[in-house]
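I opened the model and kept notes as I went. The entries follow the order in which I looked things up.

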Amino acid sequence: MLVKLALLMVVLSAAPDGGVRRGRTIDEVKLLYFHASWCQSCKRLDSGRVVERLQEREPRLVVEKVDVDTREALLERYGVTVTPTLILVDATGFPLGRPVIDLDQPDATLERVHKLVKKMVKPLGP
């Protein structure tokens, strides 16, 4: 039953042209950044300033840093098994996408996240 419900939610969010529904505003999504203070890969991601540069591009995008040592329920909810992990979610917490992180190419990671945000959020203006 849960699988059918998830499938229905995906179908309902799809546009007739096969694209993804773009009815959300930037204020209706948030990026979850699963990290840990002891995680060397997280430190590498941070040194590339991916999150900071994304927020420079999208100042209204909320980024929530999720400490994997204290937020176990969120780890389970989103199936996070490695750090760092980035997940874009809507206002209800429904996952919209999980961009691939490339620690050796922070610019590529930044572009993937930015592209996902643009795909899932309707453009501002007329």
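**Entry 1: ground rules.** I count a polar contact as a pair of N or O atoms within 3.5 Å; within protein, one must be able to donate a hydrogen and the other to accept it, and residues adjacent in sequence count only if both atoms are side-chain atoms. This is a predicted model, so I take local features only at pLDDT of at least 70 and side-chain atom pairs only at pLDDT 80 or more, while totals for chains, interfaces and linings use all residues. Residues are numbered from 1 along each chain as its sequence is written, and side-chain values use heavy atoms, with hydrogens and water left out.

**Entry 2: confidence.** I checked pLDDT, the predictor's confidence in each residue from 0 to 100. The protein's mean is 83, and 79% of its residues reach 70 or more. Residues 1–22 stay under 50. For that stretch the model has 17 contacts beyond four places in sequence; contact means heavy atoms within 4.5 Å. Where pLDDT is low, the predicted coordinates should not be read in detail.

**Entry 3: the loop between H3 and E2.** Helices (H or I, at least four residues) and strands (E, at least two) are DSSP runs, numbered from the N terminus. I went to Glu58, in the loop between helix H3 (50–57) and strand E2 (62–67). Is Glu58 buried or exposed? Glu58 is buried, because its relative accessible area is 10%; buried means under 20%, exposed over 50%, partly exposed in between (1.4 Å probe, protein chains only). The side chain of Glu58 has a polar contact of 2.9 Å with that of Lys118. Leaving out residues up to four places away in sequence, Glu58 touches Ile26, His114, Val117 and Lys118.

Arg60 sits in that loop between H3 and E2 too. Arg60 is partly exposed, at 39% relative accessible area. Its side chain makes a polar contact of 2.3 Å with the side chain of Asp27. I also logged Lys30: it is 30 residues from Arg60 in sequence and 9.5 Å away, C-alpha to C-alpha.

**Entry 4: the sheet.** I traced an open sheet of four strands, ordered E2-E1-E3-E4, with mixed pairing. Two strands pair if DSSP finds at least two bridges between them. E2 and strand E4 (95–97) are the edges, each pairing on one side only. Neighbouring strands are turned by 35° against each other on average, direction ignored. H5 packs on the sheet and touches E1, E3 and E4; its direction makes about 10° with that of E3. Axes here are lines fitted to C-alpha atoms, for helices over the stretch in contact, and angles run from 0 to 180 degrees between N-to-C directions. E1 and E2 pair in the parallel sense over six bridges. Phe34 stands opposite Val66 in E2.

**Entry 5: the core.** Which residues have the most contacts inside the largest nonpolar core? They are Leu31, Phe34, Leu61, Tyr78 and Leu88, in a core of 32 residues. Such a core is a set of buried Ala, Val, Leu, Ile, Met, Phe, Trp, Tyr and Cys residues joined through side-chain atoms within 4.5 Å. Among the elements giving two or more residues to this core are strand E1 (29–35), helix H2 (40–47) and H5. Beyond four places in sequence, Phe34 touches residues including Cys42, Leu74, Tyr78 and Ile87.

**Entry 6: His35.** His35 lies in strand E1. His35 counts as buried because its relative accessibility is 15%.
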